[in-house]
Amino acid sequence: MSVSKDEVERIAALARLRLGDAEAERLALDLSSILGHVEAMRKADISAVTAVGDMTEWPAPFRDPDQGADPLLAPPESIAPEWREHFFVVPRLPGVESGGEESGA
């Protein structure tokens, strides 16, 4: 399968991308090459390949689901630059109004 420059330009327009002529040509070649590889893989004979099982075939889960979360090596407040009432305190972003309450608008 081959992808034309016109198809690349149409897709780029749908994605609102601006491509130069050289870029569109290069992308058309790249996409055609990728589709060629996919087609070659589709034609490959995999009848002799042994399938890999899904998770239901594993003898046991890697971890006991009832175990819970791993304990932390250090409490989070020990690594936090600032910690208040069990929360990390982060600086306010520039340009964010500092009223502290939502305006509801």
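Helices (H or I, at least four residues) and strands (E, at least two) are DSSP runs, numbered from the N terminus. The views below show a predicted model, in which local features need pLDDT of at least 70 and side-chain atom pairs count only at pLDDT 80 or more, while totals for chains, interfaces and linings use all residues. Residues are numbered from 1 along each chain as its sequence is written, and side-chain values use heavy atoms, with hydrogens and water left out.

View 1. Helix α2 runs over residues 21-43; with 23 residues, α2 reaches 33 Å from its first C-alpha to its last, close to the 33 Å expected at 1.5 Å a residue, where the expected span is 1.5 Å times one less than the number of residues. The buried residues of α2 are A24, A28 and S32, buried meaning under 20% relative accessible area, exposed over 50% and partly exposed in between (1.4 Å probe, protein chains only). An α-helix has 3.6 residues a turn, so residues three or four places apart point the same way. Helix α1 is included in what covers the buried residues of α2, with contact taken as heavy atoms within 4.5 Å.

**View 2. E7 of helix α1 and A24.** E7 belongs to helix α1, residues 5-14, and counts as partly exposed because its relative accessibility is 35%. Although E7 and A24 are 17 residues apart in sequence, their C-alpha atoms are 9.1 Å apart in space.

View 3. L31, I34, V38 and M41 make a nonpolar surface patch of about 360 Å². Accessible areas come from the Shrake-Rupley method with a 1.4 Å probe, and for residues only the protein chains shown count as cover. M41 lies in helix α2 and is exposed, since its relative accessible area is 60%.

**View 4. The aromatic pair W83 and F88.** W83 and F88 form an edge-to-face aromatic pair, 5.0 Å centre to centre with 90° between the planes. Rings of Phe, Tyr and Trp (its six-membered ring) pair if their centres lie within 6.5 Å, and planes under 30 degrees apart count as stacked, over 60 as edge-to-face and the rest as tilted. W83 is partly exposed at 27% relative accessible area, and F88 is partly exposed at 48%.

**View 5. E85 and H86 in the loop between β1 and β2.** E85 is found in the loop between β1 (83-84) and β2 (87-88), and H86 lies in the loop between β1 and β2. E85, although not a glycine, has a positive phi of about 50°, and H86, also a residue other than glycine, has a positive phi near 70°. E85 is exposed with a relative accessible area of 66%, and H86 counts as exposed at 68% relative accessibility.

Note on methods. Patch = residues over 30% accessible without salt bridge, like charges linked within 9 Å, V, L, I, M, F, W, Y side chains within 5 Å. Salt bridge = Lys/Arg side-chain N within 4 Å of Asp/Glu carboxyl O.
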